[in-house]
Amino acid sequence: MTTTANPPPRQATPAPRAKARPGDRIFSWSTRTAGVLILVVLAGVAAFLIVEALPTFQADPAEIDGGEGFFSYVWPLVFGTLAAAVIALIIATPLALGIALFISHYAPRRMAQGLGYVVDLLAAIPSVVYGLWGIQWLAPRVQGAWAWLADNLGFIPIFTGPASATGRTMLTAGVVLAVMILPIITAISREVFLQTPTLHEEAALALGATRWEMIRMAVIPFGRPGIISGIMLGLGRALGETMAVAMVLSTGGFTWSMVTSGNNTIAAEIALDFPESSGLKTNTLIAAGLVLFAITLAVNMFARWVVSRRKEFSGAN
Amino acid sequence: MSKRIDVGDLNVYYGSFLAVEGVSMAIEARSVTAFIGPSGCGKSTFIRTLNRMHEVIPGARVEGKVMLDGEDLYAANVDPVTVRRQVGMVFQRPNPFPTMSIRDNVLAGMKLNSKRMRKAEADDVVEQSLKGANLWNEVKDRLDKPGSGLSGGQQQRLCIARAIAVQPEVLLMDEPCSALDPISTLAIEDLIGELKQNYTIVIVTHNMQQAARVSDRTAFFNIAGTGKPGKLIEMDDTTKIFTNPSVKATEDYVSGRFG
């Protein structure tokens, strides 16, 4: 091999600027567009909601549905929305975390794959099918249980009887929602559990941790931000879910009881009333939509805050 | 505290692959034993069989005996969890729990034993362990800060503090300095010298000067070729291994002629 003895003479040109490659420019431009686009869409939706909702706030309270102003119209809907979502989360979260841990740390590999696939399939079922399932299959079967709750735990306000004879109650809607958000929470938790560094798992095992202790010591703390994100996505879906609730729930006025007919959620109310609405009623429904938008935003900001509160302990540094 | 280990004709398999073959050795209590040898010769695999950590890898199993002061670690009624509480381990890369404070990291092993400790007692364990790992003066004012905020060398000493907090009989170290700078390495080596007064220490290292500096006895592992099992070539006093080994391959390796 020959080596050049004399390096080529240096050219007396000013230091060349880094050349902007077309690929870089296209990529940077397209990501920026995508980022801006999402903000534009969000701002557009917010602007639409605010403008269309405005007449409701300016109108005479007596003209609003119910005759006592917008606030007394919307708060039972807010209560119903939150109640359905909370029931769904209470049921789905432990179940989803259990399934995710089983898939990531307990199940034999083959079974884990199959199970993960089945859970993902749950997310592919349209909500109208869940609604049908809720009415036709679930409601008659849980009716007895709700009646039992009303008979035996009726002193707790949320179980006050008499229980609905059809089983189409808030609690049933919550169960249906739980099944719907289960795959979201499971899929995200499973992914973060699988990401736990082997190093941390081995650290726990080498200290003499059993498998469950290792999970509590290394896997769950590491996955905590991911778990919270999963729950928040699930909550978002539960708050906004329309069809299943509209079909399953036998709606009515406000009641504390989750086992009788009554209550409604914002999304279901909009879906049920919008086709028949006109004039101020339309504006009122849109205003209710604005409230739902605000609730969802608040929930997401709260979740961000929870995650960032212990940022230095997150393991990302 | 501190027990001796006797290994009798140990084979380690990954599935059907024989990774380490026919190792027999005696590791004295309150001494430092170093394992040296080229990459892939089974040192790390072998050291993990001393606290059954190899079982974490699917398909890994052993044949043969490992006796901790006469008790077989692989007897049918022995729980690997109890083995690991007696035989602590420090890993190649520092691995403090990122979600825990320095204090909680040290106490992690104690909490597993599910003992309810009074705060004063816990404080005492934290201080003693961190002092034992020569880390106390550097972190005593920030015990509630995350362990992942320390430097690499400090993190490794934190891991040592965590391991000795539960007062194990034996401390295994799998290349504890390979991710550290020379100053931190020196700190850990000094620490090993102090720890051997109370613990039986086994250390895997790629750094032969390190083996010569810290260990009393040295075991040389080698491998005949890719796909062949690793074997213990010879084990002797460290001075003898580095000056006048009985096997030619050992001499070639320690004098830098291969590997």
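Reply: Gladly! From the N terminus on, the elements of chain A run α-α-α-α-α-α-α-α-α-α. Chain A therefore has 10 helices and zero strands, counting helices as DSSP runs of at least four residues. Please keep in mind that this is a predicted model.

Me: What makes chain A more spread out than a compact globule?

Reply: Set its radius of gyration against the globule rule. The value for chain A is 27 Å, while the rule gives 20 Å for 317 residues; 27 Å is well over that, so chain A is more spread out than a compact globule. The C-alpha trace of chain A spans about 100 × 60 × 35 Å along its principal axes. As for burial, 39% of the 317 residues in chain A are buried.

Me: Which share of the contacts in chain A comes from residues 24 or more positions apart?

Reply: Among contacts with a separation of 6 or more, such residues account for 77% in chain A.

Me: How do you know that chain A touches chain B, and which helix of chain A gives the most to that side?

Reply: Contact here asks for C-beta atoms within 7 Å. By that test, 19 residues of chain A are in contact with 21 residues of chain B. Helix 6 (198-206) and helix 7 (211-240) of chain A each supply at least two residues of this side. Helix 6 of chain A gives the most, with six residues. By residue type, the side of chain A that touches chain B divides into 11 nonpolar, five polar and three charged.

Me: Why is P76(A) called partly exposed?

Reply: A residue is buried at 20 or more C-beta neighbours within 10 Å and exposed at 12 or fewer. P76(A) has 18 inside 10 Å, so it falls in between and counts as partly exposed. Its place is in helix 2 (residues 70-106) of chain A. Not counting residues up to four places away in sequence, P76(A) touches G253(A), F254(A) and N263(A). The C-alpha atoms of P76(A) and A294(A), 218 residues apart along the chain, are separated by 16 Å.

Me: Where in chain A does the UniProt annotation "domain: ABC transmembrane type-1" lie?

Reply: According to the unreviewed UniProt entry, that annotation covers residues 78-303 of chain A. In the model, this span is 76% helix and 0% strand, and its end C-alpha atoms lie 19 Å apart.

Me: Over to chain B: what makes strand 5 and strand 6 the edge strands?

Reply: Chain B has an open sheet of 10 strands in the order 5-4-1-2-10-9-3-8-7-6, with mixed pairing. Strand 5 (71-72) and strand 6 (87-90) of chain B each pair on one side only, and they are the edge strands.

Me: How do you know that strand 1 and strand 2 of chain B pair?

Reply: Pairing needs at least two bridges. Seven bridges join strand 1 (residues 5-14) to strand 2 (residues 17-27) of chain B, so the two strands pair, and they run antiparallel. I5(B) stands opposite I27(B) in strand 2 of chain B.

Me: Why are D69(B) and Q167(B) both called partly exposed?

Reply: D69(B) has 14 C-beta neighbours inside 10 Å, so it counts as partly exposed. D69(B) is found in the loop between strand 4 (60-68) and strand 5 of chain B. Q167(B) is in the loop between helix 6 (152-165) and strand 7 (170-174) of chain B.

Technical notes. Residues numbered from 1 in each chain as written. Chains lettered and ligands numbered in written order. Predicted model: local features only at pLDDT ≥ 70, side-chain atom pairs only at ≥ 80, totals over all residues. Rg over C-alpha atoms; globule rule 2.2 N^0.38 Å. Contact = placed C-beta atoms within 7 Å. Nonpolar A, V, L, I, M, F, W, Y, C, P; charged D, E, K, R; others polar. UniProt positions renumbered as here; feature names shortened; annotations may be inferred.
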